[in-house]
Amino acid sequence: LVCTGAELPVAAMKYPENAPKNLRAILLMVGLSALVSTANGSGVTCPAGRWEVSAATGAVTTLVGSGVAGSTDGVGVAAQLNHPRGIATLDATTLLVADTMNHLIRLVDLTTQTTSVLAGSTQGMTNATGTSAQFFSPAGICTSPDGVMAYVSDTGNEIIRAIVISTAVVTTLAGSGTPGRVDGVGTAASFSTPQDIVSTPDGMSLFVAEWVGDLVRHIDIASATVTVFAGTGVAGAVDGVGTSASFDNPTGLAVSPDGKTLIVTEHNAGNRVRAITIATKVVSFIAGSGAAGYADGVGAAASFTKVYTAAFDPTGDSSWVVVGDKTTVRVVDLGTGQVTTIAGLLGTPGNVGGTGAAARVDEVKGLAFSVDGLTLFVSVQLHHIVKSINMCPTHCNAVCGPAFYPLQNASCASNSYPECAQCPGSNVSSPIGSPSIDSCSCLGDGNAIVTGAICGFTSSSSSSSSSSASSSSSSSSSSSSSSSSSSASKSLGMLLDNTPNGGVLHLVDSVLAGPKACGVVLSGRNVTLAG
């Protein structure tokens, strides 16, 4: 087949029979080479066109913890935890764990898998340094964007604590130590069973979920001023604005990477996922029937049991979030309300490693992504461990091929084009050689990444073989041989504008005068070429 206009011979490989209809990944070789499909053969449909679970991804393994309650420091499974809940990524090499029943804040070195104590000792409420400080059942933890501070929901003490990471100095940021729903500054404020705590991307504010208080509270860090952000303080499921909305056992929180959305998960009684638009305080329903259950689905057709925690991929977009409940880790599409399990088996608790539904978890109480978004850390309360899930690639439709993923947040307007990065631990060679972005064709909104990705390659100057397609179109290709041979040595860019039913692949040849594009439209398994 000859692509009209660009005159580039290509050959298409058929999708595997069980491949989803939406395009997974595609590579275009120019000159005498072929159009190669690297469709995912697992047959798993990606929520929001972004997530995939295959034999190479989604593997669940134990990071630290022996599986038996204890407080022993150590490496990997030699270390012991006791009902861990909140976890937070400090940097590329450090994970913080709220070791709830040990009354400790633990450090996990992600390079060596060594667990140690950052702060805490026995149950108490003492402000001090390191192991001289005391906590009482800390449940939530987060870090400041600059990595200087950690903030802890010290649940048993009904207060919010601050830790200077470099010195392990512990102080009280807010809370009187007496249960209540009083707004105020510092210790004049009161909380009622604070659970998860999250920082805003600008590092200026904290949000706190109050389980018994049925509120979401806001803390201005600079002034330590505590106010009600949303909720009436009476259990309910009413959407609304700020204090006109109601929650039922809010426990988990997550702020989207763009800082616009706050996700709230409701535990025992609520069993729902809600969203708050931070600028307007508008509370809206996303998913969950409200009754305990184990079902994927859309909106209220999905059901959760003890949905406790949530996390966003810090390198991804803000349209999907990961949540954890009694037996599963699931992805929730915030646009459609689609809920999809990515690890664990619905309704079947346990402690088993594996991929997807082969894995088992029992009461997921904390979720945190690695800074590169390639690993999801999971605290499993009833087995006293922290697990990790291989999230590479985190997005479907990556034109980079097996074991590679596209870097995110590219924008044509800013001339910031992503390249292909290799997943850690992978020995697969890039099917497109050394990626190099030469040019870009923008979507209508000027964004180079929506649900697709852009990646480039420099094709070889010659090829020793020709495809059957180019042979079958020899009469056409011979008439344009000089154009094909010239194109074979040029650097090209590709943009995949993908939709659930197909996509458009654009070639941009910046060496020619003006972009010369070849569009390839795919719908199901049918491939049509258009100039």
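Reader: What makes His384 stand out in the hairpin of S30 and S31?

Author: In this predicted model, His384 takes a positive phi near 60 degrees. The hairpin of S30 and S31 has four residues between the strands.

Reader: What makes S31 largely enclosed?

Author: Five of the six residues of strand S31 (residues 385-390) are buried, so the rest of the structure largely encloses this strand. Buried here means under 20% relative accessible area.

Reader: Which strand pairs with S31 over four bridges?

Author: Strand S3 (residues 59-64) does, in the antiparallel sense. In S31, Lys387 has Thr62 opposite.

Reader: Why are S28 and S29 said to stand at the edges?

Author: The sheet is open and has five strands in the order S28-S3-S31-S30-S29, with antiparallel pairing. Strand S28 (354-355) and strand S29 (364-369) each have a single partner strand, so one side of each is left without a neighbour in the sheet. For S29, the pairing with strand S30 (residues 375-380) is antiparallel and runs over five bridges. Within it, Phe369 has Leu376 in S30 as its bridge partner.

Reader: How many aromatic pairs are there by this rule?

Author: The count is two.

Reader: Why is the pair of Phe207 and Phe229 called edge-to-face?

Author: The ring centres of Phe207 and Phe229 are 4.8 Å apart and the planes stand at 65 degrees. The rule asks for centres within 6.5 Å and, for edge-to-face, planes over 60 degrees apart, so the pair is edge-to-face. The pair links distant parts of the chain, with Phe207 in strand S15 (residues 205-210) and Phe229 in strand S17 (residues 225-230), 22 residues apart.

Reader: Why is Phe207 called buried?

Author: Its relative accessible area is 2%, and buried means under 20%, so the term applies. Phe229 is buried too, at 6%.

Reader: What makes Trp320 and Phe369 an edge-to-face pair?

Author: The centres are 6.5 Å apart and the planes are at 80 degrees. Centres within 6.5 Å and planes over 60 degrees apart are what the rule requires, so the label follows. Trp320 lies in strand S25 (residues 320-324) and Phe369 in strand S29, so this pair ties together parts that are 49 residues apart in sequence. Trp320 and Phe369 are both buried.

Reader: How do you know that the charged end of Arg161 sits over the ring of Phe135?

Author: The distance from the charged end of Arg161 to the ring centre of Phe135 is 4.8 Å, and the limit for CZ of Arg is within 6 Å, together with an angle within 35 degrees of the ring normal. Arg217 likewise lies over the face of Phe191, at 5.1 Å from the ring centre.

Reader: Why is Lys281 called partly exposed?

Author: The relative accessible area of Lys281 is 32%. Buried means under 20% and exposed over 50%, so a value in between is partly exposed. Lys281 is found in the loop between strand S21 (272-277) and strand S22 (282-287), and its phi is near 65 degrees, a positive value in a residue other than glycine.

Reader: What is the phi of Lys306, and where is this residue found?

Author: Lys306 has a positive phi of about 55 degrees, although it is not a glycine. Its place is the loop between strand S23 (297-298) and strand S24 (309-311). At a relative accessible area of 29%, Lys306 is partly exposed.

Conventions. Residues are numbered from 1 along each chain as its sequence is written. This is a predicted model: local features need pLDDT of at least 70, side-chain atom pairs count only at pLDDT 80 or more; totals for chains, interfaces and linings use all residues. Side-chain values use heavy atoms; hydrogens and water are left out. Helices (H or I, at least four residues) and strands (E, at least two) are DSSP runs, numbered from the N terminus. Buried means under 20% relative accessible area, exposed over 50%, partly exposed in between (1.4 Å probe, protein chains only). Two strands pair if DSSP finds at least two bridges between them. Rings of Phe, Tyr and Trp (its six-membered ring) pair if their centres lie within 6.5 Å; planes under 30 degrees apart count as stacked, over 60 as edge-to-face and the rest as tilted.
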